[in-house]
Amino acid sequence: MKSGKGSLTALHLFLVWAAMATVVPAFGFELVIAAWGGVADATDPVFALDSTAPVYAVGVPLIVGLLATAGIPAQTVVPLCGTMPKRLGWAVLVFALGTLGVLAGVAAYAEKVDLGSASTRIALTGVPYALAAAFFVPSRWVRLGALAVLAAGVAYGGFVGPAQAQQRQDEAEVARYREHPELLFLGTAPPGMQLSRAEVGPAYFHVEYRPVRQELGYVDPMVRGPLKPAFRCPEPAEKGVTCTVDAHGEMLTVRDFPGGARAVTLIRRHQNAEVEVTSRTLDEPGLRLLLDTLHPLSDTELEKLIREKKIEYSLR
């Protein structure tokens, strides 16, 4: 491509980009305002859609006309820009193809793909139209360049960007669970049981163990903070409840139920937190063994709980 035509091509694509980066965001904003007003003022959803019709009726012809104007400098470079009728057809094609690119960008942004700051996103709205215009330039190098930019955009918007967005989301989720690491202690699952559910709250970490098979039984450890001054058995004692506090400050409560069933609760201090574990399945030695296996929740264990959707955050 000669230098004169190269300069005209560059000016042509710049004008297309600048025009669309200016008017498309404003057009989209007007559509949102019109649609929002229609939804707010009407009970019939069809009316809400009709409220955007005037924006389309005025905006689309204006944008196509602006594109046709941007194509004037390329009359000697782009065959479709040689005459007014052809230039209008070219403008319609560029507008349609570029709008598809903008919609793809909006879809990627909705999936939390990072598209930069607000000013960067505004500038990017003109890129799909400039790419569409580049494909109409009868130059192998211009088309190859446009194809390379298009391939990079598809790769980022369809693969790299979503992967980065998912990584940021995972890191934010882990950070939320790690907000109070002094409470995140996990014990080894008792024999025949597995971790069924975990819940992280502002001042507690609750874990539920359930039998691997479809059997009755449970073990529920709860890590809480801050520490109480000392554990004391309630007075007067409840009927059917036995409570003792040993020399190490651990409190054991046994609650008897009709039919011979009983629930055992053991509370002990663990570093800067207190841990309470209750079960109708394990006896006192089993609960002590569980508490003896308490360890800080590792990143691997937390990632596994998140992946298996066995952990959730609560504001309670």
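Trainee: Which helix does F159 lie in?
Mentor: This is a predicted model, and in it F159 belongs to helix 7, which covers residues 140-177.

Trainee: Is F159 buried or exposed?
Mentor: F159 is exposed, because its relative accessible area is 62% and the cut-off for exposed is over 50%.

Trainee: Changing topic, how many disulfides does the count come to?
Mentor: The count comes to 1 disulfide. That disulfide joins C233 to C243, with an S to S distance of 2.0 Å.

Trainee: Where in the chain are C233 and C243?
Mentor: The pair links distant parts of the chain, 10 residues apart. C233 is in the loop between strand 4 (219-224) and strand 5 (241-245), while C243 is in strand 5.

Trainee: And what is the handedness of the link?
Mentor: The link of C233 and C243 is left-handed, with -80 degrees about the S-S bond.

Trainee: Why does C233 count as partly exposed?
Mentor: C233 has a relative accessible area of 24%, so it falls between the limits of 20% for buried and 50% for exposed. C243 also counts as partly exposed, at 23% relative accessibility.

Trainee: What about C81, buried or exposed?
Mentor: C81 is buried, because its relative accessible area is 0%.

Note on methods:
Residues numbered from 1 in each chain as written. Predicted model: local features only at pLDDT ≥ 70, side-chain atom pairs only at ≥ 80, totals over all residues. Heavy atoms only, no water. Helix = DSSP H or I, 4+ residues; strand = E, 2+ residues; numbered from the N terminus. Buried < 20%, exposed > 50% of the residue type's maximum accessible area, 1.4 Å probe, protein only. Disulfide = S-S within 2.5 Å.
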